[in-house]
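Hi,

Here is the structure I promised to pass on.

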Amino acid sequence: MERMATKLPQVPTPTIIPSSAPGLPGGGDSVVLERRPEKVKPPQMYQVVLLNDDYTPMEFVVVVIQEFFNKDRETATQIMLKIHLDGKGVCGVFSKDVAATKVDQVTEAARKNGHPLQCVSEPLEL
């Protein structure tokens, strides 16, 4: 039988000791720093972008977007048309590792099917 903790562990609060307190070694020359929690920033996000070429069939691009980016057929078609008209289109925004995996999966699928489709990840600029 597993037992789960019912309370979170208490984190001791740091105590600030005045440097002039009696009994400290070195007289009044001691410095005690206060612990401050670090503010953690969210991870950098990356957008996965498909690039247009003149050889990859549009239907294959739609299937790739549906399969690897979990888009419905209508959304995948809209993204494909954006890629076709603008030269590139964003398929999704992910963390760095997930974006790199998506790029590898799309590139591998394109090569297996004999298409030169290119897929890259770019840092998302806020």
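This is a predicted model: local features need pLDDT of at least 70, side-chain atom pairs count only at pLDDT 80 or more; totals for chains, interfaces and linings use all residues.

Residues are numbered from 1 along each chain as its sequence is written, and side-chain values use heavy atoms, with hydrogens and water left out.

The sheet is open and has 3 strands in the order β2-β1-β3, with antiparallel pairing. (Strands are DSSP runs of E with at least two residues, helices are runs of H or I with at least four, and both are numbered from the N terminus; two strands pair if DSSP finds at least two bridges between them.) The edges belong to β2 and β3, each with a single partner strand, so one side of each has no neighbour in the sheet. On average, neighbouring strands are turned by 25° against each other, direction ignored. For angles in general, axes are lines fitted to C-alpha atoms, for helices over the stretch in contact, and the values run from 0 to 180 degrees between N-to-C directions.

Strand β1 (residues 45-51) is mostly covered, with 5 of its 7 residues buried, meaning under 20% relative accessible area with a 1.4 Å probe, protein chains only. It is joined to β2 (residues 88-95) by 7 bridges; tyrosine 46 has phenylalanine 94 as its bridge partner there, and valine 48 has glycine 92. Towards β3 (residues 118-123), β1 makes 6 bridges, and valine 49 stands opposite valine 120.

Now histidine 115, which sits in the loop between α3 (96-112) and β3. This histidine is buried, at a relative accessible area of 16%. Beyond its neighbours within four places in sequence, histidine 115 is in contact (heavy atoms within 4.5 Å) with Thr56, Pro57, Phe60 and Ala110.

Finally, the helix pair. The axes of α1 (residues 58-69) and α2 (residues 73-86) come within 9 Å and cross at roughly 125°. That makes α1 oblique to α2, oblique being whatever is left once angles under 35 degrees (roughly parallel), over 145 (roughly antiparallel) and 65 to 115 (roughly perpendicular) are taken out. From α1, the residues that meet α2 include Val61, Val62 and Ile65, and on the α2 side Ile79, Met80 and Ile83 are among them.

Cheers

Conventions: Buried means under 20% relative accessible area, exposed over 50%, partly exposed in between (1.4 Å probe, protein chains only).
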